[in-house]
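Hello,

Here is the structure I promised to pass on.

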Number of protein chains: 2
Amino acid sequence: MAKINEDLLKERKKCSFNTAELTHLLDGGKDKTLERHSREHFFLDDPELRSKIPLEYLSHKEKYEEAVRKSCILFRKVQELQEAGKGGIENFREILGGQLGSAILKDGNPLTLHYVMFIPTITGQGDFEQQAEWMHKAWTCSIIGTYAQTELGHGTFIRGLETTATYDPKTEEFVLNSPTLTSYKWWPGGLGHSANFAIVVAQLYTQGKCHGIHPFIVQLRDEETHMPMKGIKIGEIGCKLGMNSTNNGYLGFENYRIPRTNLLMKNNKDGTYVKSPSSKLTYGTMIFVRVVLVQDCASYMKKAVTIATRYSAVRHQSEMKPNCPEPQIIDYVTQQYKLFPYIAMSFAFQYSASWLWDIYNNVTGELESGQLENLPELHALACCLKAVGTADCAAGVETLRLACGGHGYMTASNLPSTYGLATAMCTYEGENTVLLLQTARYLIKIWQNKKNIQNLPTVRYLDNALFNNRSYEKSVSWILSALQQVAAAKIDLANKHINDRVRQGKAYEDAWNETSIELVAAADAHCRTFLLDIFNLTVNNFQSISPELKAVLTDLLELYAVHTAIRMTGDLLRFTNTIGKDVEALQLWLEELLAKIRPNAIGIVDSFDIRDEVLGSALGAYDGNVYERLFAEAQKSPLNHEPVNKSFGLYLKPFLKNNL
Amino acid sequence: MAKINEDLLKERKKCSFNTAELTHLLDGGKDKTLERHSREHFFLDDPELRSKIPLEYLSHKEKYEEAVRKSCILFRKVQELQEAGKGGIENFREILGGQLGSAILKDGNPLTLHYVMFIPTITGQGDFEQQAEWMHKAWTCSIIGTYAQTELGHGTFIRGLETTATYDPKTEEFVLNSPTLTSYKWWPGGLGHSANFAIVVAQLYTQGKCHGIHPFIVQLRDEETHMPMKGIKIGEIGCKLGMNSTNNGYLGFENYRIPRTNLLMKNNKDGTYVKSPSSKLTYGTMIFVRVVLVQDCASYMKKAVTIATRYSAVRHQSEMKPNCPEPQIIDYVTQQYKLFPYIAMSFAFQYSASWLWDIYNNVTGELESGQLENLPELHALACCLKAVGTADCAAGVETLRLACGGHGYMTASNLPSTYGLATAMCTYEGENTVLLLQTARYLIKIWQNKKNIQNLPTVRYLDNALFNNRSYEKSVSWILSALQQVAAAKIDLANKHINDRVRQGKAYEDAWNETSIELVAAADAHCRTFLLDIFNLTVNNFQSISPELKAVLTDLLELYAVHTAIRMTGDLLRFTNTIGKDVEALQLWLEELLAKIRPNAIGIVDSFDIRDEVLGSALGAYDGNVYERLFAEAQKSPLNHEPVNKSFGLYLKPFLKNNL
C-alpha cells in the first residue's frame, strides 16, 4: 500500500468524531455500507472493467467502442447478480446512474436508456399482450431499446412534436414519417448506433384526425446484421461538452410501417381511441426521475468536495507570514469558504432527496388507488428541487474545480468530467427556468387560494410567514423563519405585479411573462426554505447518534443555513426586519463555523467513503499522493510514449529549417 | 449563398440604428474594420487552414498533430505579412490570442509562447550580446522557444520555486537540477513536444549561496533530430478541460549543464550578482498580459452572446398563450434576462480594457524614465479587472450556453470550447482570489492614508463616498454614486474588522486572513464601480455618433448599471440609503430596458461583425440555419460514416445472442 501523505495523516488525527459512524448514517445503516462495499468490489475489482488507456486520449469513435465493450460486461454482471437473487433496484440505480456507473464509464453509458426508459415505458404503457410479447426480450436483453421523444426542434413542449404515425386501416399498420428536418428525433441516448428498438413518441393520426402524441414500439435495426431498417435514417448527433460515450442519436422516418399492435395500448382499447384516464399519471415518472437527479446532485457534490478538500490539505502555497513555510491552502479562509459550504450542501441535497423519495413512494401508492390530491404539491416541489439542486450542484462543482487552481483544469483531477455530468442535469428532464416557473405557477395558485393550505406540508408555512418579523437571533430557526418570510413576500410581490399588469390592460399571459424574473426568484426562495427545513428536521430527529457526530452535523447545518442567508442578504434586508448589524453578525457566525469545521474537514469527506476508483482523481485519492499521481497520469498519454512526435518531421522541421 | 432564416430577416428589419456605424465604432474607425476584414480574409479563406474532420473527433495525439500543422502555416503567413510590411502588433495579438486565433485553432496553439513569452523575455531580460546571439534565431523562427516557470508544486508564489541552477566556476557553466518531483516544470505551453528551447526560471546558486530566481536560456531538444537532450526529462502533462492542442508540458533536469552566458544578463554584470534595480519593472509585463485578458473577456463574451441571441431568435418553443404558435424564445423575459445583460457587459469590458491599455502605454513610458508612482494604482486595478472580468466572462458564457438548452451542450454550438477558454483565464496569470486580495491590500493601504488620494484617478472617489447618501433616482449617476458608497463602506468595514482582530491580540496576518472573505468582496465592489464609471464616461464622451446609436448605447449602459445594482441589492440596502421601494423601481427599470433592447438585440450582435468561421457555431451563424447546420455537423462524425460500428460484432451481438 502506498505511503499516506503526512498532511493527511495529521488531519485524520485531528478529527473529533468517528468517521465510520457518519458513513453508516449516510448509507442508512452498517449493513447498507457493507452491501455497497460488496457491490463496489464486484464491479470495480473486475479487471475487464478497466481501460488500458484513459478514455480522454482516444478518438470519439474509440471512446464509443470502449463504452460498448464495458456496457455489455456491466449488463452481464447485473444479470449475474439478478440470477444470484442479489438484484435490487439499488443495483440498477448505482450502476446506471450513480457513483459506480460514472466510475466505470466516466463519459456515460450508451445502453442506459434500455433499463431507465425502454423497459419502464413498456411496463407502464403496454397492455397485457404487449407486456407478454416484449418484456421477456427486453428484460433478458435479447433486444436493446431506447426512448425517442425529443426532436431537433422540440424539447420541453412535447405537444409541439412533429413526427407522425398515420393509421392505415387497409394493412392495419401505422406509417411513421418525419415531415420536416425539425421533426427528426434528436438526443436519445444509445439511439445512434447501439439500440435496435425504441419507444417512439409521435402524433397519432386516424381518419385524417390528429389524436395527440402516443408511444409506439419501433424496430430500428435488423436483429442479425444491425443494419438500419429500410425507411429509417439514423446516426449519432456528434460531440458534446461531456457524456461523449452515450451515443446520443438522431432518427428520421420515411414511410416506415409498423404493425398496429405496436401502439402501446394500456390506455387504448380496440383500435378506437380512448383518452388516458389521467395524464397526471405520467407525472409519477417525471417525479421519480427528478428525485434521482437530486440524489445525483448530492453524490456529484460529495465527489467534487472530497477531491478539492483533500487537495487543499495537501497543497501548500504562498506565504501567510514572512519567512514561515508555505501553509496548506486549506488554511486560507477564502479557500475554506469555497469548500465547506459545499460539504454542507451535499447533506442538504441528500436529506431533501430522501424526504422526496419517501413521499413519492406514499403518493404512488395513492395514485394507483386513484387519489391525486397530493400530486400537484409534490410535482411543484420536485420541479424546484431539481432546478435548484442541479444549478447549485453545477455551480458548486465548478467552484470546487476552480479552488484546485490549474490542477483542477486537468482531466486527471476528474473535476472537468464531473462538471460535464452535473451541468447537463440543468438542461435535461426539464430545463431549470421552465421548472421554476412551473413551481411558481403552483405557488401563485396557492397564494390566491389558501383554503386547504394547512393540509399541504411543503407550503403551509405560507399561511402566515409574511408576518414572521422575528428579531435576529443566532439560530437556524431564526434563519428559517426569515427565509420563509422572504419566500412569502416574493410570491406576494410577484402576484401583485401580475395583477398590476392585468389591471393596466395586459393579457394574463403577458403579465405573467413580464413578471417571470420575479416568479423564478420566488420559486427559488421557496425551494431554499424547504431544503433548510428538511436539513434542520433531519438533524434534530437523529436519536441514537453520538454527541460528537451530532455536533459535527449541527455545524454543517448551521453553515448551510448561514451560507444561504448571506447569499440572500438583499432579500433579508428587503423583506424581513433584518438590519445591517445582523448581516455583520451572520458574517461573523460564518467565519466562526468555517474555523470550527476546519479540523474535521478531512474527517467529514473521508466519511463519504468514496473509493479512489469512484473519485477517479489524481488530486483526491485517499493517500493524498497528488503529485506522484499527476505525474503517473501524464505518463499514460500516448504522446508521451515516443520521444519525438511525427509532426516534427512532417511540419515543424521543414518550417524551422526554411527559416535558417 | 444560403437562404437567411425568416425570423432573422424580420429581426434585422426592426433594428432602429445603422449596424455598420456601431461596427466601426467598436473597431475604432472604418479603416480598422477594413483592416480586420482583410486580415480575416488572409487567414480564414486559406483552405490549408481548415481541418478535414472537426478536431473533437480526433484522438488527443491527432489533435496535437493537426495543431502543429496549422501553427506552422499560421506562423509562415505571419512572416509573409511582416515581410510585406504589414506586420503590426495586431497581427500577433489577433492570431495568437484573439478571435482569429481561436477560430483557426479552437483548442489552442502549441507554438504561441514563442512569440508571447520567449521573445519578449529575451528582449526584456537579455543584455546586448544575448540579444545579438538569440534574437535573430528566435525572430526568424529557426528555433522555437517556450517559457518554463510554474512547477508541479508551485504556481502563484514564485519565490517558492525549487529548480536549481548551480554555478560551476571550473567549467563556467550552470548545472540545472530538479531536486524533487514538485520541482518539475509543469504547464508551459508547447513544452511537451514542440519547443526546442525554453526560458527556464530557477534558483541561482553561487558559492553555496542562493541568490533567488533568475531566467536562463536552455536548449531542450536537438535541433536536427528533436530528441530531448541528455539530462532533460520532458513530455506533456495530459488532457485538460480545454485547450487540448497547446501541448502543455513538464520538464525535469538531471545535472544538465548550460554555458554561463545563458543566464539572462540585463540585470547582472560580470558574473557577480547585482540585484535588479526595480523588480517593479516586471509588473509592467504582468499588467500588459492582464489588459489583453480583459480584452479577451470582451471578445469571448461577444462571441457567446452572438451565438445565443441569434439562436434565441430562431428557436421557437412552448406556448405563451393557448392555441397560439410557439413563440421565439427570445420573447420570454427570462430568456432576455439571460442574454441582454451580457451584451451590455461585453461593452463594459471592452471600454475598461481600452482605458487600461491607454494608461498602460502612458505608464510604461514613465517606467522607462524611472517614474514608478502610478504603478501600484495601475497594478491594483489590473488585478481586480482581470479577476472580475474573467469570472463574469466565464459565468456569462456558461449562462449563455445554458440559455441554448440541449443544443448549447453540443460541441457544434462552440459554446463548450468557448467556456473552456474563458474559465481557464480565471486561473492563469494570477488566480482570481489571489488577485482580488492584492487589490484589497492596495485599497486598505489607501484607506488608511488618504493623503495623495486626489492624484489617483481610480480611487479618489473613496475620499468621501462613504457619505454619498443620495436618494434614489432613476439614473446611471445615482447607481454609480451608490456603488461607490458600497465600495467605500466595504473597505471601511473590512479595515475595521482587521483592526478589531488585531486589538483582540491576533497577528496582523491572521487578522487579514480571517477578514479575507470581506476583503475579496470589497475589491470586487471597487472594480464594479470602475467598470460602470468608464462605461458611463465613454458613452457620454462620444461626440460624433448618430442619435440612434447613442440611444442604443445608452440603453446598454443603463442595463449594465441596473443589472449590476440588482446583483448588489444586499449591499445597496445595507450601505446606502436605498430602501425596498427603490429596489422595486430598479426591477421595473430592468424590465423596461429588456423590452427596449429586444427589437435591437439582433442588430447589436450583428454589429459585432463576427465572421461565421470565428463564431464556429451551428447555432450562431449569420444565416440562422440552425437545424440544417446542426444536422450537417453531425454528418461529420466518423461514427456516422458507416452504418454499423464494429463494436456490434465484437461486443453487442455476442451479448444479445447469449441472452436469447
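Let me start with one residue: A:F542 counts as buried, at 18% relative accessibility (buried means under 20% relative accessible area, exposed over 50%, partly exposed in between, with a 1.4 Å probe and protein chains only). A:F542 sits in the loop between helix 17 (516-541) and helix 18 (547-567) of chain A; helices (H or I, at least four residues) and strands (E, at least two) are DSSP runs, numbered from the N terminus. Leaving aside residues up to four places away in sequence, A:F542 touches A:L25, A:Y351, A:K550 and A:L553, where contact means heavy atoms within 4.5 Å. The C-alpha atom of A:F542 is separated by 59 Å from that of A:R257, 285 residues apart along the chain.

Before the rest, some conventions. This is a predicted model, in which local features need pLDDT of at least 70 and side-chain atom pairs count only at pLDDT 80 or more, while totals for chains, interfaces and linings use all residues. Residues are numbered from 1 along each chain as its sequence is written, chains are lettered from A and ligands numbered from 1 in the order in which they are written, and side-chain values use heavy atoms, with hydrogens and water left out.

Now the two chains together. Chain A superposes on chain B by a rotation of 180 degrees with 0.0 Å of shift along its axis, at an RMSD of 0.1 Å. The two copies are thus related as by a two-fold rotation axis. The superposition is by least squares on the C-alpha atoms of residues with pLDDT of at least 70 in both copies. Both copies use the same surface, since 100% of the contact residues of chain A recur in chain B.

How much area do chain A and chain B bury between them? The figure is about 11600 Å², with 62% of it on carbon and sulfur atoms; buried area is the accessible area (1.4 Å probe) that two parts lose on being put together, summed over both. A:Y409, A:I517 and A:F655 supply 7% of the area that chain A buries against chain B, more than any other three residues. In terms of contacts, 140 residues of chain A meet 140 residues of chain B.

The interface of chain A and chain B has 16 salt bridges, a salt bridge being a side-chain nitrogen of Lys or Arg within 4 Å of a carboxyl oxygen of Asp or Glu. In one salt bridge, the side chains of A:K338 and B:E431 meet at 3.4 Å, N to O. On the side of chain A that touches chain B, helix 4 (residues 60-83) of chain A gives the most, with ten residues.

A:K233 is partly exposed, at 32% relative accessibility.

Two other pairs lie within helices. A:D500 and A:K496 form a salt bridge (3.5 Å, N to O) and both lie in helix 15 (residues 476-503) of chain A, four residues apart, about one turn of the helix. A:D500 is partly exposed at 23%, and A:K496 is partly exposed at 38%. In chain B, the closest N and O atoms of the salt bridge between B:R401 and B:E398 are 2.7 Å apart. B:R401 is buried, with a relative accessible area of 1%, and B:E398 counts as buried at 7%.

Two backbone details may interest you as well. A:C141 has a positive phi of about 60 degrees although it is not a glycine; A:C141 lies in the loop between helix 8 (128-139) and strand 1 (145-148) of chain A and is buried, at 0% relative accessible area. A:M243, also not a glycine, has a positive phi near 55 degrees. A:M243 is in the loop between strand 7 (232-236) and strand 8 (249-253) of chain A, and is buried at 18%.

Finally, helix 13 (residues 415-425) of chain A has eleven of its eleven residues buried, so it is largely enclosed by the rest of the structure.

Best wishes
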